[in-house]
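Here are some notes for a colleague who is opening this entry for the first time. Please read them with the sequence and the structure side by side.

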Amino acid sequence: MLNTLLPILLFAALLLAVIGAGKRFFMWRRGRAAQVDWLGGLLAMPKRYMVDLHHVVARDKYIANTHVATAGGFVLAAVLAIVVHGFGMHNRILGVALLGACALMFVGALFVAKRRLKPPSRLSKGPWMRLPKSLLMFSASFFIATLPVAGILPADFGGWILALVLAIGVAWGVSELFFGMTWGGPMKHAFAGALHLAWHRRAERFGGGRSTGLKALDLSNPNAPLGVEKPTDFTWNQLLGFDACVQCGKCEAACPAFAAGQPLNPKKLIQDMVVGLAGGTDAKFAGSPYPGKPVGEHSGGPHQPIVNGLVDADTLWSCTTCRACVEECPMMIEHVDAIVDMRRHLTLEKGATPNKGAEVLDNLIATDNPGGFNPGGRLNWAADLNLTLLSDKKNCDVLFWVGDGAFDMRNQRTLRAFVNVLKAANVDFAVLGLEERDSGDVARRLGDEATFQSLAKRNIATLGKYSFKRIVSCDPHSFHVLKNEYGALGGNYEVLHHSTFIAELIAAGKLNLGQHKGGSVTYHDPCYLGRYNGEYEAPRDVLRALGIEVKEMQRSGFRSRCCGGGGGAPITDIPGKQRIPDMRMVDIKETGAELVAVGCPQCTAMLEGVVEPRPQIKDIAELVADVLLEAPAAVAVKRVVEEVQ
Amino acid sequence: MQPKPLNVLCLVSIGAHPTSGRARRAEQDARAVELGLRLAGEQVQVLHAGNAEEEALRAYLGMGLSELSVLQQPDGADALPVLFDYLKDSGAQLVLTGSQAETGEGSGMLPYLLAEQLGWPLVVGLAEVEKVENGVAQVLQALPRGQRRRLQVRLPFLASVDNAAPVARQSAFGPARRGTLWTDEVHVLDDDLLSNASFQPARPRPKRLKVIKAKTGAERMKAATAKAAGGGGQVLKDVSAQEGAEAIFKLLLEEGVIR
Ligand code: SF4
Ligand code: SF4
């Protein structure tokens, strides 16, 4: 009897799965067009899955091993089950292999079940609590049903009662694992995830690459939508990406805005996009809500505006664009792109940038700096430093990109320190002076792509007039934008953060440094230097050269917690239960360090805004400048000789 | 039934950013448009006399207007006559404008001269229109230190707004790009006064020295917010126009305003 029932069940489930897949595919395709490598992507997918995705998953050994066993066992078991039971190839070797696959899957599923006994709050409950049972049911049923094939039990063992039980078990198993995959069950992540890896919008990320710059909006076409209003305004592969979410909540656990009690949870946001994609309400969401916003009050559909239906605007404006969620996401979903896309619509179409947003953008338009300061005062901080202007010199080795910190008294100390370092190392450098403008970072992250592009284009035109080898900046935001986001507008430069440059100078023996004497030090990784650009080592090298042994925070390196200053978050200023910089200061205090080294004007401002008593905050450039020693004669002579030659 | 929206027309000019001097939407004119949008929604008409090519005009469109009319004029032409010509047959019931332009002459005289020529009442420092009934508007006029005066004005009237009016909404790129600038060729009149005049940089008005003897923060706060108490002066009540005028004349002589 099983021999007739099993093929029917299997093929019925497969048929339903194919129908579901088609439906789902057309749902994604409601999004806007996107350039993808259809075939190449599919071919690259297994490697992306096994290398890139596993690389992220492997940070959590428990779930990595569990997943390998369960998923590997399942894929093998499914294929073999179709061959053995579907097509009735009752071959003994195949039977034994199928038994092995089922056993592997069963063991994996046990560990899945164990994790679900007391699930951490970041995990979603609801149907996800059912999944381990379905996995166990699938593997156990096929295991027993295969025993006769493998010749371990007689063919008619157990009679019709067992056959019935097994049929029910198989039916349950294949419903969850075959067509549940394409009809929106928890297993959807496997189906959508695989295709998401194939047609990812940032294919450069695979194979160890990095792609963090926001994508440019086409402003030349007046009919192209300005950002995302409705789910269908996303590109179709973005929609596909949302569907790949496994609701693991790694993003939620890393999100500083969520931890601060601001109304943002990146996991919920992605799930809301899925709701928008398919239409409906968020009532079925079984994870942590946006802090302060009960679940079940929002709904949307593919052609309905997202904001103030599905998602409230303050959710979008809470994000600091720190990329912690993207870094942690095992499905390599791009949360920040989605958030900025929706912000673009709010700013460019609705004129609804909250709080100080409108003022800052107006200032950027009228004065090229967010504070609305007289652009003529951009070089006042260096009035006594005798800096060379690139407009006088026309070419130089290093263009020192000063950034808007030029208008901020605190940051001027950093800038002056860095100038001291440059001078001590005899670097051939110059500044743009009044020709420099805001890099456009804040405008872009507030969704004002038009102002960003206007600033960027004018900066690129200015830079195009001169020749220089490299750009060095003390501001990771300018650094990131110049390095990764000007390219799409025609500006390609070699850009360095000042910590990288100082590390180079030290390695080349160009700096004569003493030892740091200010007590113990910890280091705060700026998001736009670390996660955005992968520079974790240079700042630590510099600190080490000063004789500092960095007391690392628990969350450092790629797990560094944002200071709260990115993405225009201090401008939009969405209230929460606590402030992000305060939380970061707690991280800092836990190390017991007396001083925290930073490498970003934003971080400096945010952390110095925390009430005392707290550790002192110093930029790396300041720490280096503090211990600069007069160059010994030998070096000085050598340099003169070089110049003569 | 929704009452018929008021026929509101806003006059706007090109502004200049206070620190960079770059062209922008003028702060007060943008507030006038904001008030207009609140009163008449998208029905509000917006009018500029000057150069239709000026990109800064689009910043007004970015507030959500679908169109803006421009009476095309070269720089330095007198805006008054063309505005008068346009307004007298425009059917506008309320004309809103900023108190003073940020560029050009910036004398702040335009609302007065225009109201005089049209023969309409002028409300200076309009803060809010509370209601309009039977051709009469009840409005709030802003006085110094946050005080408000309730006025009844018959339509049509002209009103200038200053910083007491609601802050202008953000100007968005999309509507700014989509909006239409309609150009009307008008007869150009040279502004004799302007062409014969010579410009000189403004000198900041000297500030009255305020000696604060306060010792505590609370006292300082009080001193900072207190009305400028002249001390002298007298209140005249129930006097004839003749007596009143004489008293004013006498004061002006004493203060050296007229000699
Ligand atoms: S978005 Fe990524 S990290 Fe967040 S819950 Fe989904 S899969 Fe996990
Ligand atoms: S970028 Fe940072 S703040 Fe924004 S959602 Fe992700 S983790 Fe949260």
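1. Ligand 1 has 13 residues around it, and those that come nearest are A:Cys245, A:Cys248, A:Gly249, A:Cys251 and A:Cys329. By class, the shell around ligand 1 is made up of eight nonpolar, three polar and two charged residues. Please keep in mind while reading these points that the model is predicted.

2. Around ligand 2 one finds the cysteines A:Cys255, A:Cys319, A:Cys322 and A:Cys325, together with A:Pro256, A:Leu264, A:Pro266, A:Thr320, A:Thr321, A:Arg323, A:Ala324 and A:Val336. The shell of ligand 2 divides into nine nonpolar residues, two polar ones and one charged one.

3. Turning to helix packing, helix α8 of chain A, which covers residues 236-243, packs against helix α11 of chain A, residues 266-278, at an angle of about 120°, and the two axes are 8 Å apart. An angle counts as roughly perpendicular from 65 to 115 degrees and as roughly antiparallel over 145, and α8(A) and α11(A) are therefore oblique to each other. The crossing in which α8(A) passes α11(A) is left-handed.

4. Which residues meet where α8(A) and α11(A) are in contact? From α8(A) they are A:Leu239, A:Phe242 and A:Asp243, while α11(A) contributes A:Ile270, A:Met273, A:Val274 and A:Leu277. Sorted by class, this contact of α8(A) with α11(A) holds six nonpolar residues, no polar residues and one charged residue.

5. On the scale of the chain, the domain assignment divides chain A into domain 1 (2-193), domain 2 (360-495) and domain 3 (521-626). The C-alpha centres of domain 1 and domain 3 of chain A lie 45 Å apart.

Notes. Residues numbered from 1 in each chain as written. Chains lettered and ligands numbered in written order. Predicted model: local features only at pLDDT ≥ 70, side-chain atom pairs only at ≥ 80, totals over all residues. Heavy atoms only, no water. Axes fitted to C-alpha atoms, helices over the stretch in contact; angles between N-to-C directions. Helix = DSSP H or I, 4+ residues; strand = E, 2+ residues; numbered from the N terminus. Parallel < 35°, antiparallel > 145°, perpendicular 65-115°, else oblique. Left-handed = near helix turned anticlockwise from the far one by under 90°. Contact = heavy atoms within 4.5 Å. Nonpolar A, V, L, I, M, F, W, Y, C, P; charged D, E, K, R; others polar. Domains from an automatic or database assignment. Near = heavy atom within 4 Å.
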